Amino acid sequence: MKVNLESESITTVRLTQAILFYSGSQSFCTIHEIEDNEIQPGKALELAELEFLFKNGTSRRQGQAWQIPEGLLEFGPGTMTWLCKSRIDPIFWATKDKRLNKFNAVKIRWPNLIFNVNGTRMSVWAVKTTRRPTYNTVFYKAPFFNIYSDGGICTGDAPKFEPNPANIEKIEKSFFKSAFSHGLSNSGERVKFKGGHNAFWRKYCAECKKQIPARFPNEILIPQKDKIRL
């Protein structure tokens with residue numbers, strides 16, 4: 001197929017995906033793969049995904065592919081929200097608790113996390129599910145130091161990233177590679193565990209050092225007091 005893309009030179013392309021729009025009693029759209037010139041079964045597109053495709057997909061050059069970041073929940077002017085599923089990665093400590101610091105860089109099973117970047121402010125909460133959040137989804141306090149009571153992250157002098165899906169990997173890397181150092185005066189209790197935050201993390205890190213569990217112990221999570229609306 002020969003296509004003239006305005007200021008770009010004529011190039012040869014092939015049909016790989018199609019977006020179908022439906023209207024009637026309700027409106028929605030689906031995205032489909034194209035194989036052997038035949039449209040394949042598709043999946044529904046969320047508004048954030050569709051917006052990302054229109055903002056980013058049409059500006060790619062030949063040989064470059066675009067992909068909707070997994071877990072993207074919201075993407076608009078100055079804001080972005082996404083789900084980061086539970087993963088196995090090291091956790092870093094730089095606290096006044098020497099017993100906890102002994103577990104610096106130990107690999108653990110992290111909880112499912114919801115990240116939000118709004119302007120230069122970054123927030124994080126924990127959830128017990130990997131499904132797309134709804135109005136009834138319960139958000140929990142992220143069970144870490146350096147988190148305010150509303151979920152805001154004390155980033156210190158860490159780099160700030162523009163809320164753009166292309167930056168999701170960089171933002172997550174910055175969070176997971178940073179050392180948790182101290183509690184914040186208005187953060188309240190971060191976990192439901194006898195002995196509190198440090199006692200839980202010493203025990204959990206010790207367990208992970210022996211054998212990483214199949215899931216994060218969600219029973220220690222504390223519900224977020226304020227309703228989070230996405």
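Here is a short chat about strands, cysteines and aromatic rings in this predicted model.

Visitor: What should I know before reading the numbers?
Guide: In this predicted model, local features need pLDDT of at least 70 and side-chain atom pairs count only at pLDDT 80 or more, while totals for chains, interfaces and linings use all residues. Residues are numbered from 1 along each chain as its sequence is written, and side-chain values use heavy atoms, leaving out hydrogens and water.

Visitor: How many of the residues of strand β8 are buried?
Guide: Strands here are DSSP runs (E, at least two residues), numbered from the N terminus. Buried means under 20% relative accessible area, exposed over 50%, and partly exposed in between (1.4 Å probe, protein chains only). Side chains in a regular strand alternate between the two faces of the sheet. In β8, T79, T81 and L83 are buried on one side and M80, W82 and C84 on the other, so the strand (residues 79-84) is largely enclosed by the rest of the structure, with the buried count at six of the six.

Visitor: Which residue is the bridge partner of C84 in β11?
Guide: Two strands pair if DSSP finds at least two bridges between them. β8 and β11 (residues 112-118) run antiparallel and are joined by six bridges. Within β11, C84 is partnered by L113.

Visitor: What angle lies between the planes of W110 and F180?
Guide: Rings of Phe, Tyr and Trp (its six-membered ring) pair if their centres lie within 6.5 Å; planes under 30 degrees apart count as stacked, over 60 as edge-to-face and the rest as tilted. The whole structure has 23 aromatic pairs. W110 and F180 form a tilted one, 6.2 Å centre to centre, and the angle between the planes is 45°.

Visitor: How many residues apart in sequence are the parts this pair ties together?
Guide: W110 and F180 are both buried. W110 lies in the loop between β10 (106-109) and β11, and F180 in strand β14 (residues 179-180), so the parts tied together are apart in sequence by 70 residues.

Methods. Helices (H or I, at least four residues) and strands (E, at least two) are DSSP runs, numbered from the N terminus.
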